[in-house]
Amino acid sequence: METAAIQLKNLTKTFGSVVANDRVSLEIRHGEILALLGENGSGKTTLMNMLSGIYYPDGGEIFVNGKEVIIDNPRDAFDLGIGMIHQHFKLVDVLTAAENMVLGLKEKGRLNTKAIGEKMRKICEQYGFHIDPNKKIYEMSVSEKQTVEIVKMLYRGAETLILDEPTAVLTPQETEKLFAILRNMKKDGKAVVIITHKLNEVMELSDRVAVLRKGVHVGDLITSETNPQELTNLMVGHSVTLNIDRTLCENPVKKLEIKNLSCVSDDGVKVLDDITFDAFGGEVLGIAGISGCGQKELLEGIAGLQKVSGSIKFYPENGSEPEEINGKSPMDIINMGISLSFVPEDRLGMGLIGNMDLADNMMLRSYNKGRSPFADRKAPAELAEKVVDELEVVTPGINVPVRNLSGGNVQKILVGREIASEPSVLMSAYAVRGLDINTSYTIYNLMNEQKERGAAVIYVGEDLDVLVELCDRILVLCDGKISGIVDGRKTTKEEVGLLMTSLGGEKEAVSE
Amino acid sequence: MTYENVKKEPLIRVAKRPEVSPKKAMLIRFSSILVALLLGGLIILALGFNPLAVYRDIVKGSLLSGTALKATAKIAVPLLGAALAIAPAFKMKFWNCGAEGQITVGAIVSTYFALNLVGDLPRPVFFVVTFIVSAIFGGLWGLIPAFFKARWGTNETLFTLMLNYIAIGFVKYLRIGPWMDKGQMFPKVPMFDKAARLPEVFGVHIGWIIVLALVIFIYIYMTRTKHGYEIAVVGESISTARYSGMNVPKVIMRTMFLSGAIAGIVGWMLVCGTNYTLSDSTANGYGFTAIVVAWLSKLNPFVMVLISAFLAVLQKGSNTIQTNFGIPASASEVLTGLILLCMLGSEFFINYRFVFRKKTVGGDD
């Protein structure tokens with residue numbers, strides 16, 4: 001048998017008392033695409049970070065082409081031909097693609113942009129990339145930046161390429177392009193590792209799957225000999241059923257009427273442009289779009305946290321006259337008796353306080369009740385107990401800082417608090433980002449419960465499969481404009497994907 | 001393809017510790033004070049003195065006689081007061097380095113009343129009025145940087161520092177100008193009338209009772225009230241504070257008014273209780289040393305009592321060793337600095353540990 005490109009033997013890494021990787025042994029082979037599958041927190045990224053020199057293992061050995069090696073920093077990894085593309089790109093925004101190629105390399109002589117461009121052109125031709133060496137990074141789309149990262153690794157002579165959740169930020173069309181490129185690399189004999197938790201991608205792209213669960217390597221399978229259900233069971237550790245129970249909307253009542261909403265960011269960019277839509281009680285309204293297309297500003301605008309122009313009208317339960325809430329602060333909105341809940345994208349930076357305990361975090365929404373100068377600490381503590389109990393939050397108690405909980409449990413605390421007030425409108429941004437399958441489905445069910453209770457649920461999401469399964473209607477944003485509102489039951493993810501890029505379509509045509 | 005890889009596992013690595021129990025953390029912090037005393041001892045040794053004798057005299061000169069104890073208390077009281085003043089601001093992560101100036105402003109207004117109105121008011125009324133007025137002016141002095149921070153996001157550290165110099169410069173002007181004691185050769189503010197001097201309880205001006213009451217007040221304010229909760233949230237995350245509907249500029253300004261007001265009260269204590277006059281050095285660095293106290297106590301008011309007493313012992317004791325051994329009094333500042341350094345350093349050891357290279361590379365586990 002041919003020697004493996006990289007062989008890991010009993011790699012172990014611990015962070016404090018947390019064991020991130022427990023004696024993981026794994027082979028990465030030339031001319032093969034390996035999918036590294038596992039839920040969030042299962043140790044996929046940690047394992048690959050040890051290969052790329054970000055972490056140093058606490059135990060175990062790494063062999064490259066049959067030889068034992070020590071990888072102590074990213075430069076060692078480069079020297080061994082290992083290149084990793086992280087979720088957060090490591091590029092310098094103000095430099096061009098070409099300049100980023102050679103950044104940090106110790107090459108003699110002066111910067112020769114022409115030669116770099118030539119070498120880049122060769123790589124691009126070989127694998128089918130499209131990239132302009134002289135374009136600055138900050139002018140690029142997310143997909144272009146990712147391309148630069150991949151070309152950078154190849155430029156530096158990577159033989160093994162590790163991609164950490166590369167499709168999380170891409171549209172279905174961009175994903176297809178990326179997969180074509182990865183297949184070309186495989187043909188060229190490179191070893192490719194793709195870290196993911198999306199099963200359909202594993203089935204479509206990979207030759208072999210390695211499954212991690214809680215830091216342990218629990219399965220090594222040939223993709224063609226397995227199926228998504230088996231993989232899910234391996235990944236979660238017990239069998240799970242994956243479906244979202246979408247009930248029909250019964251007599252939807254208008255809750256929010258948004259008209260001509262626009263927003264200009266601090267640096268003068270128009271991030272929301274003339275947005276008009278209605279949200280109904282008893283309905284889940286999905287909002288799709290490439291990240292940074294105005295989703296954040298839209299939700300924060302409605303919540304009173306972002307200055308926007310236009311009109312936001314709230315229709316009260318009792319059917320009285322609608323009230324204008326644009327220009328009102330969050331406290332004003334609370335004082336008007338409007339129950340507007342918001343699960344923001346930045347859970348620990350906006351929705352919660354990591355250093356405070358569960359009970360104190362429950363207080364964020366209720367601390368100002370009553371006239372007494374003293375804060376009521378009993379009710380929030382009881383609410384915390386209730387949320388922990390009902391949503392099965394794993395925590396040593398309600399007096400531990402929220403940051404000590406895992407991502408899924410943090411989100412349960414946040415969502416639990418937001419739905420406790422029985423909101424008329426419930427907005428959520430990327431509510432399942434980073435959560436494991438079980439918790440994700442808990443969250444979908446909670447959204448559906450709120451919908452059935454009659455709340456208007458606004459769900460900003462990134463996983464198109466889920467959006468078309470969960471939402472009654474889907475509003476698609478593109479560059480701050482509405483590019484379409486489609487019926488969730490009739491649409492496909494391809495249609496939504498096209499709408500996501502439709503306004504930017506012309507731009508792409510030029511660059512190609 | 002072959003790779004030449006002769007690298008060895010790194011000799012020392014830093015690794016995160018598992019969660020340390022509070023007891024062990026306290027032990028690490030306590031031993032860091034011992035390390036500091038040991039290092040201080042080495043310095044004393046290098047100066048040619050016996051460290052044990054020096055430490056003994058520090059304790060003797062600050063605690064072991066009635067007069068010594070009173071003098072130490074007179075240092076500890078304003079220090080504790082100033083630390084309590086900056087605690088709410090620091091909790092809000094508003095780095096108020098301006099307690100010095102706020103103390104001075106409180107002292108200036110108290111002095112104005114003491115020089116001009118003392119005979120006209122009954123004594124208790126005089127003290128109540130000066131107490132309130134010094135708190136208000138100290139608070140307003142603290143409000144200035146808070147207003148600019150809340151409105152335009154100015155840097156509070158620089159702003160509060162600069163205001164210190166303005167306040168102290170103004171004292172100089174008063175001392176040489178309108179408030180100069182005409183009967184003296186040296187330009188200074190006159191001594192206060194007996195009626196304007198704070199009464200004493202157990203030989204120390206009543207400020208100590210006020211400060212101890214403030215300890216309890218600040219503790220309750222910070223941990224039990226809505227205001228205290230708002231301060232904590234704003235300190236942790238401004239976006240979370242806005243998200244939960246707090247009026248962030250209002251919280252910042254209100255808290256800095258409180259912070260400045262307490263500092264103003266300390267200024268009132270210093271002129272009416274300790275110095276009986278106003279001078280350039282009325283604040284005497286308490287506003288700065290208070291930062292050390294607040295930091296070492298992790299903003300816990302009760303721990304502040306201990307730390308400020310400890311630093312007062314060092315300061316008073318160092319005067320004794322200056323007389324007894326001829327070691328400059330600034331030696332105590334060196335020691336204070338060493339303690340702070342060691343205690344801050346100990347936080348590293350609470351969170352991390354060192355891992356040394358194993359004997360054989362890739363050895364079995």
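The exercises below, each with a worked solution, concern a predicted model.

**Exercise 1. The sheet in chain A**

Task: Give the order of the strands in the open sheet of chain A, and state which strands lie at its edges.

Solution. 
- Step 1. The open sheet is built from 4 strands, and their order is β2-β1-β4-β5 in chain A, with antiparallel pairing.
- Step 2. An edge strand pairs on one side only; in chain A this applies to β2 (18-28) and β5.
- Step 3. From one strand to the next, the twist averages 30°.
- Step 4. For one pair in detail, take β1 (residues 6-15) of chain A, which is joined to β2(A) by 7 bridges in the antiparallel sense. Within β2(A), A:Val19 is the residue opposite A:Thr14.
- Step 5. A helix also packs on the sheet: α1 (residues 44-51) of chain A touches β1, β2 and β4 of chain A. The direction of helix α1 makes about 115° with that of β1(A).

**Exercise 2. Domains 2 and 3 of chain A**

Task: Find how many residues each of domain 2 and domain 3 of chain A gives to the contact between them.

Solution. 
- Step 1. Domain 2 of chain A gives 11 residues to the contact, and domain 3 of chain A gives 9 residues.
- Step 2. On the domain 2 side, helix α15 (residues 437-453) of chain A supplies the largest share, 5 residues.
- Step 3. Sorted by class, that side of domain 2 of chain A has 5 nonpolar, 5 polar and 1 charged residues.

**Exercise 3. A:Gln411**

Task: Decide whether A:Gln411 is buried or exposed.

Solution. 
- Step 1. Locate the residue: A:Gln411 belongs to helix α14 (residues 407-420) of chain A.
- Step 2. A:Gln411 has 28 C-beta neighbours inside 10 Å. The cut-off for a buried residue is 20 or more.
- Step 3. A:Gln411 is therefore buried.
- Step 4. Beyond neighbours within four places in sequence, the contacts of A:Gln411 are A:Arg347, A:Ala431, A:Leu435, A:Thr439 and A:Ile443.

**Exercise 4. Chain A against chain B**

Task: State how many residues of chain A and of chain B are in contact, and describe the chain A side.

Solution. 
- Step 1. The contact involves 37 residues of chain A and 28 residues of chain B.
- Step 2. The elements of chain A giving two or more residues to its side are β4 (59-64), β5 (67-69), α2 (74-79), α10 (330-335) and α11 (347-351).
- Step 3. By class, the chain A side has 21 nonpolar, 9 polar and 7 charged residues.

Definitions and conventions
Residues numbered from 1 in each chain as written. Chains lettered and ligands numbered in written order. Predicted model: local features only at pLDDT ≥ 70, side-chain atom pairs only at ≥ 80, totals over all residues. Contact = placed C-beta atoms within 7 Å. Nonpolar A, V, L, I, M, F, W, Y, C, P; charged D, E, K, R; others polar. Buried ≥ 20, exposed ≤ 12 C-beta atoms within 10 Å, placed from the backbone. Pairing = 2+ DSSP bridges. Axes fitted to C-alpha atoms, helices over the stretch in contact; angles between N-to-C directions.
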